[in-house]
Amino acid sequence: MNESDTATNGAGLSTALDTLLQTSGSLAGMLSSEDGFPLATRTKVPLDRDCFAAAGAIIGQLARRFVAAAESEAPDLVVLESSKYKFVVQSVSLGYLMLIAEPTAETEPIVSVLQMTSKQIACMASDTPGATDTDIMPCNHIDSPTDRSAREPGEVRQ
Amino acid sequence: MDELEATTVRQSDFDEYRRLLARDPNSLRFAEYAERLRQVGMLKEAKAICEEGLARRPAYATGYVVMGSILHDSGQTEKAEMAWAQALRLDPGHPQAHFRLGELFLDRGEHEKGMAALEAALLYNPDFPEVRAKLVEARGPDCGLRSTTTSSEETRRKPGERPAWLTADQYDSFIRSVLELPNVEAVELIDDDGTHLAGALFDTSTSSARKAAVQLVADARAMLFRLGAGRLRSIFVRTPTTAARCVPLGDLILLVAVINQSSAGETDRCIEQLLDREMAVETGDGGHLDE
């Protein structure tokens, strides 16, 4: 990691985001609240942490509006591709978890790791009711990143 | 003599604005007046009028657009950029503000930002000949956009009129090609105002879903622009039961429903390859459609 930037003292979240950044092509991992406030960020490259974290929430909300109009269920995953970045956003219990990657990065491994990390975060939140980003501890029971059935109904905000 | 007549006309024109603003100091016409003054090179007067107007109407985005132009003509490009940015803060969809910023970025050699701003201008006002001309100039003649050498009437999009690389007679075969890709369940091509063009993804009763797709693409483009994060290529949205991909294709949007549990990456690659092939056939190169 060339540069790192952590907006939280929460060792658990930092560890989770570090795991995210091990994915090939990843540039930054961010967890933001539903209203776009950065809860935790880890970046490999200089990025405006606040703006990009807010973007994660915006992407999540745009997708939610879209599926609501299509009378579908709430989205659990959004992949927004631009000429500069690939934004992969997953709804989690705390808000939105986002991995920013190079535009050429493979989507599938990112999605797998993101699911694993979101499970980890959900586990942290459920282990410590009322936990904040500074006192969440790591969770030990994590599914394999290849386990595609890892998503559970209670894990993803509906 | 001609110059004298022109000056006389200009003065009487300006007198009218002065009377109007004297009658109603809160009128938004100050921006028009300032713009006219700017166009004839009376920058000092234009700036004073604009400053006074903005002091009274600080939420008027067009006022900031005009102020930016005055500052730009005065050589104060940084302040001009700030004024145009302020216009966009007040009205994120102000085409003229996007256009002026786009021109400024291109002049500075910031190609990507410039192109994104021009595309945003066109997004919010598809009938904007100056933007089309600038885009054609920046991208080259094979970009799929018609330049503004045509009249305004010809430039206005008509129903059934599409970018050069995908014409109306190709819609059905294009849709069929996408449908043949693995994991694709349904495909629909819509216009940038949500009008159905070909294929079928949503029931006819849910045209609001098409509008929502248009809105999704527009909002995503605006967000990327504000973030300086490049141009939009696609948006993939997955729910527990369905998955869909929105791909902006110039002023069209391709909506692709894919099998929920399929590999997003594989489907993406297939669609990209197909689009690149279509693009290559039509334009002679393999560049990405939204670039």
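Student: Which residue in S5(A) stands opposite Val92(A)?

Tutor: Val92(A) stands opposite Gly95(A) in S5(A). Likewise, Val88(A) has Leu99(A) of S5(A) opposite to it. The model is predicted, so local features need pLDDT of at least 70 and side-chain atom pairs pLDDT 80 or more, while totals for chains, interfaces and linings use all residues; side-chain values use heavy atoms, without hydrogens and water. Residues are numbered from 1 along each chain as its sequence is written, with chains lettered from A and ligands numbered from 1 in the order in which they are written.

Student: What makes S4(A) and S5(A) a pair of strands?

Tutor: Strands are DSSP runs of E with at least two residues, and helices are runs of H or I with at least four, both numbered from the N terminus. Two strands pair if DSSP finds at least two bridges between them. Seven bridges join S4 (residues 86–92) of chain A to S5 (residues 95–101) of chain A, and therefore the two count as paired. These strands run antiparallel and form a hairpin with two residues between them.

Student: How many bridges join S3(A) to S4(A)?

Tutor: Five bridges join these strands, which run antiparallel. Glu81(A) stands opposite Lys86(A) in S4(A), and a hairpin through three residues connects S3(A) to S4(A).

Student: Why is S4(A) described as largely enclosed by the rest of the structure?

Tutor: A residue is buried if its relative accessible area is under 20%, exposed if over 50% and partly exposed in between (1.4 Å probe, protein chains only). Seven of the seven residues of S4(A) are buried, so the strand is largely enclosed. Lys86(A), Val88(A), Gln90(A) and Val92(A) point one way, whereas Phe87(A), Val89(A) and Ser91(A) point the other way.

Student: Which strands stand at the edges of the sheet, and why is one side of each left without a neighbour?

Tutor: The open sheet of ten strands has the order S2(A)-S1(A)-S5(A)-S4(A)-S3(A)-S3(B)-S4(B)-S5(B)-S1(B)-S2(B), with antiparallel pairing. S2 (38–43) of chain A and S2 (196–199) of chain B are at the edges; each has a single partner strand, so one side of each lacks a neighbour in the sheet.

Student: Why are H2(B) and H4(B) called roughly parallel?

Tutor: Angles under 35 degrees count as roughly parallel, over 145 as roughly antiparallel, 65 to 115 as roughly perpendicular and the rest as oblique. Axes are lines fitted to C-alpha atoms, for helices over the stretch in contact, with angles from 0 to 180 degrees between N-to-C directions. H2 (residues 30–39) of chain B and H4 (residues 61–73) of chain B pack at about 20 degrees, with their axes 9 Å apart. The two helices are therefore roughly parallel to each other.
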